[in-house]
Amino acid sequence: MLAGLGEDANWKKLVTPCPNDGQKTVIRKVVTADVTGDGTYDALVARGCEARTSYFPSTVEVFDGASQSSRPRRIATLLEEAGATDQPWLTTVRVSGRQVVIEANGTGPRDTNACPSVAFTYRYRFSGDEVQRVSRDAHDARRCLPAG
């Protein structure tokens with residue numbers, strides 16, 4: 001079962017590949033928790049892509065812990081909807097029950113990828129295999145924040 005693999009899985013082969021030819025996938029963090037409420041730990045895999053000139057936004061892919069490790073079932077991709085506007089670079093991911101809290105640095109309307117200046121907090125709630133973003137908070141740091 002996938003739940004037993006945790007951080008030992010070859011997540012680079014299981015997550016969505018990076019968009020550019022030859023670009024390497026970077027696994028930033030793996031968290032295991034029962035976000036679906038079925039009694040089995042699921043895997044939350046924070047993924048990024050190797051930077052060439054500026055960083056690429058992070059995503060968190062959630063895999064059903066009850067699925068087979070040879071054919072893991074992705075049940076959600078968090079931060080995907082924020083990528084185009086916020087350009088989130090994941091700094092932390094926490095799970096409390098069926099709620100996932102992600103903190104990330106990202107870009108505001110006048111920022112470039114070289115100087116993200118907004119600290120974001122996203123909250124997602126799971127109900128079985130369904131997931132919904134319940135909040136997005138943004139705080140302008142008025143300075144460049146780490147990314148990459």
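Which residue's side chain does a polar contact of 3.4 Å join to that of Asp-86? In this predicted model, the partner is Thr-85. Asp-86 itself lies in helix 2, which spans residues 83-86. The residue is buried: the relative accessible area of Asp-86 is 4%, and the cut-off for burial is under 20%. Contacts farther along the chain were also examined. With neighbours within four places in sequence left aside, Asp-86 is in contact with Gly-106, Thr-107, Phe-120, Tyr-122 and Arg-136. Two of these contacts, Phe-120 and Tyr-122, return below as an aromatic pair.

The residue that follows was examined next. Gln-87 is placed in the loop between helix 2 and strand 5. Its phi angle is near 50°. That is a positive value in a residue other than glycine. Gln-87 is buried, with a relative accessible area of 14%. Arg-142 also has a positive phi, near 60°, and is not a glycine. Arg-142 is found in the segment after strand 8. Its relative accessible area is 74%, so Arg-142 is exposed, the cut-off being over 50%.

The strands were then assigned to sheets. Strands of a sheet pair through backbone hydrogen bonds, either parallel or antiparallel. Strand 1 and strand 2 run antiparallel and are joined by eight bridges. Across this pairing, Ala-33 stands opposite Asp-42 in strand 2.

Another open sheet of four strands has the order 5-6-7-8. Here too the pairing is antiparallel. Strand 5 (89-96) and strand 8 (130-140) stand at its edges. Each has a single partner strand, so one side of each is left without a neighbour in the sheet. Neighbouring strands in this sheet are turned against each other by 15° on average, with direction ignored. Strand 5 is joined by seven bridges to strand 6 (residues 99-106), and the two run antiparallel. Trp-89 stands opposite Asn-105 in strand 6.

Ser-58 lies in the loop between strand 2 and strand 3. At 1% relative accessibility, this serine counts as buried. A polar atom of the Ser-58 side chain lies 3.1 Å from the backbone nitrogen of Leu-90.

Attention then turned to the nonpolar interior. In soluble globular proteins, nonpolar side chains tend to be buried together. The largest nonpolar core in this model has 22 residues. Those with the most contacts inside it are Val-60, Val-62, Leu-78, Val-100, Ile-102, Tyr-122 and Phe-126. Two or more residues each come from strand 1 (25-33), strand 2 (42-49), strand 3, strand 4 (74-78), strand 5, strand 6 and strand 7 (118-127). Strand 7 gives the most to this core, with five residues. Leu-78 was followed in detail. Beyond four places in sequence, Leu-78 touches Thr-59, Val-60, Val-62, Val-100, Ile-102, Tyr-124, Phe-126 and Val-131. A second, separate core has eight residues, including Leu-2, Ala-9, Val-15 and Ala-43.

Aromatic rings were considered last. A pair of aromatic rings is described by the distance of the centres and the angle of the planes. The count comes to two aromatic pairs. Trp-11 and Phe-63 form a tilted pair, at 5.4 Å centre to centre and 35° between the planes. Trp-11 lies in helix 1 (residues 11-14) and Phe-63 in strand 3 (residues 59-63), so this pair ties together parts that are 52 residues apart in sequence. Trp-11 is buried, at a relative accessible area of 2%. Phe-63 is buried as well, at 1% relative accessibility. The rings of Phe-120 and Tyr-122 have centres 5.6 Å apart. Their planes stand at 20°, so the pair is stacked, as angles under 30 degrees are required. Both Phe-120 and Tyr-122 are buried.

Terms used: Residues numbered from 1 in each chain as written. Predicted model: local features only at pLDDT ≥ 70, side-chain atom pairs only at ≥ 80, totals over all residues. Heavy atoms only, no water. Phe/Tyr/Trp six-rings, centres within 6.5 Å; stacked < 30°, edge-to-face > 60°. Buried < 20%, exposed > 50% of the residue type's maximum accessible area, 1.4 Å probe, protein only. Pairing = 2+ DSSP bridges. Axes fitted to C-alpha atoms, helices over the stretch in contact; angles between N-to-C directions. Polar contact = N/O pair within 3.5 Å; in protein donor to acceptor, adjacent residues only side chain to side chain. Contact = heavy atoms within 4.5 Å. Core = buried A, V, L, I, M, F, W, Y, C linked by side-chain atoms within 4.5 Å.
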